[in-house]
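Dear colleague,

Please find the structure below. I would be grateful if you would read the notes with it open beside you.

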Amino acid sequence: MGILEVSGVNKRFGGLQALGDVNLSIQEQSVHAIIGPNGAGKSTLLNCLVGKLIPDSGSVMFDGQSVLGRKPHEINQMGISRVFQTPEIFGDLTVLENMLIPVFANRDGAFRMHAIESVFSESSVIERAREMLAEVRMSDKVEMLASSLSRGDKRRLEMAMCLVQKPKLLLLDEPTAGMARADTENTIALLNEIRNRRGVTMAIIEHDMNVVFSLADRITVLAQGTPLVEDTPDNIKGHPKVREAYLGEAQV
Amino acid sequence: MLGLKKTDTTLFLVVMGLTLLAPFILNPFPVESGMAQFNAGYPDLMQRFVIFGIFAIGFNILFGLTGYLSFGHAAFLGVGSYAAIWSLKLFALDVVPAIVFAILVAGAFAMLVGFISLRRSGIYFSILTLAFAQMSYALAYSVLTPLTGGETGLQIKNTDSPLLSNVPEGEIGRASFLGLDMGASQELVLGGWAFTFNLGYYIAAVAMLIAFYLSIRIFRSPFGMMLRAVKSNQQRMNYTGLSPKPYTLAAFVISGMYAGLAGGLMVAMDTQVGPERMFWTASGEVVIMTVLGGAGTLLGPVLGAGFIKYFENIISKINKDILHQWFAVLPDGFEDVMVSLVYPFVGKGWHLTLGIMFMLVIIFLPGGLLQGGQKILGLFRRKPQPSAAAEADGTKPAE
């Protein structure tokens, strides 16, 4: 039994079958990549996992509980964190404040009316945020406005904001999309470091084969809304069906 | 001190000093001098400064922090006023229960309006709040006449006999605080100067100081940080396990309660209410106050409120005769030219001056008058330290 079990999920947008009978099982402590050509339904699947979309049929079980019908913040409180394609951070707040918010969310839940005490009297929360910033080597930037960070640092910050919540599952939506070669290498290194140090279960949606093969333990290939194959990276590389659906399309 | 950081404590003490010494500070000119008309230290106007200050501080908690622009905040002020006058008419002539009642009723009404309006954001939210306020105005004006007195509004009448107060038969009760008349004033004459200390003003001033203090606490709290997160990125908030809606609703209700407090105080100072208090221009005024002073800053809204009320009451009183006196030194023809040039901007034309000023501030000082003040302070410092100045005066201005 995996930590995330997707079974028989269908999603239709008008006449388009975006997801057709998707079954997927993500094992704890693994890095599971979901790849596929454009329009294969990768993002739709991801959105079904985090509560942004509700599948027409099928079930999505996380840690023994169904996530269907729950709102994004409720699913996050269950232990799923999400990193976006373009980093979603609080641009008007400082780096430290960006880090404090997930720590508060972790401690206090979806809403708490703590309007009188000062943020800076919450020393344990601040300490945890600072530790995490040190771990991603951003300690020198705590007072900076998050919107003024470089793209790579925004990505690091977003990742750190997710990790400080100690998620049971970290979802990454094309974490290296639009990045330069060097930034991509840095991100791979960061993700590998995170996995080795914290043993976080990750599901990655990715286009870049280089990223996928250097990170994933298992790969699911999605084509036209249906999983084609699921296997280890080595087996996927030479798989004829994958060539046909994915690499074949890439050569056109 | 007071659970605030040093810079905030300083800010609070400065505001406290200015507020409590306002009767002196606002009356810098001797009574007999030609400049006496610029004196703003009379009770009626001073009360308006602090009451609208409270209104703007509360509005800023919603708009400055979450970015949700309510265009119907005058409704809460009006509802608070009606609640307060009923308390004076039926319950007691003491202003404290009236003000508490005003805050509670306005808060409950804000809860209802906020719950519905916050289903949308951006311009749709603004329009919804505007619709609610105009609806409240229309209801108060006509349908709800038994409750609101319709067009003429409500006053304390000689037939009112509040439950807890003894009003002699046939006399009109007067609002009081622990038995002291709200209108009680003490005049102090020093040389050519006259200063008036009014009980009503000091009650309103203390209320404003409490309101200001609470707003500093809210700004510096985790709750305040969450409100800024709402403004910054709701998507990230949702995916961080936080629900933006209750945070925004709480901010809406708090700011509605501030408006209720302002409305209650207005009635405590001058025991009458009319529906025009809820008209959309009144809602627009508090938006202008906040933006003019500096939205998202601690001090800005108070500054903006004072500024607008000063214009409304002082600049608007300058008439043609006064202008002729000013320019009397000039040759005859020239005098008339000057008067006709300046006249459109003063007296009834004060809105024109305010409008131009507002445009200039929006274009050149997006952080409001407060940002202007900081720039000027920066010029006088040997080493310009913009970040230090920003810290000293509250928070970063919202754009």
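The notes below cover the contact between the chains and then a single residue.

This is a predicted model, in which local features need pLDDT of at least 70 and side-chain atom pairs count only at pLDDT 80 or more, while totals for chains, interfaces and linings use all residues. Residues are numbered from 1 along each chain as its sequence is written, chains are lettered from A and ligands numbered from 1 in the order in which they are written, and side-chain values use heavy atoms, with hydrogens and water left out.

In chain A, 39 residues are in contact with 28 residues of chain B (contact means heavy atoms within 4.5 Å). The two chains bury about 3,000 Å² between them, 63% of it on carbon and sulfur atoms; buried area is the accessible area (1.4 Å probe) that two parts lose on being put together, summed over both. On the side of chain A, the most area is lost by A:Phe90, A:Phe111 and A:Ile116, together 18% of what that side buries.

There are two salt bridges between chain A and chain B (a side-chain nitrogen of Lys or Arg within 4 Å of a carboxyl oxygen of Asp or Glu). One of them joins A:Glu97 to B:Arg228, with the closest N and O atoms 2.6 Å apart.

Finally, A:Thr44 is buried, with a relative accessible area of 13% (buried means under 20%, exposed over 50%, partly exposed in between; 1.4 Å probe, protein chains only). Not counting residues up to four places away in sequence, A:Thr44 touches A:Lys11, A:Phe13, A:Ala18, A:Leu19 and A:Leu53.

Yours sincerely
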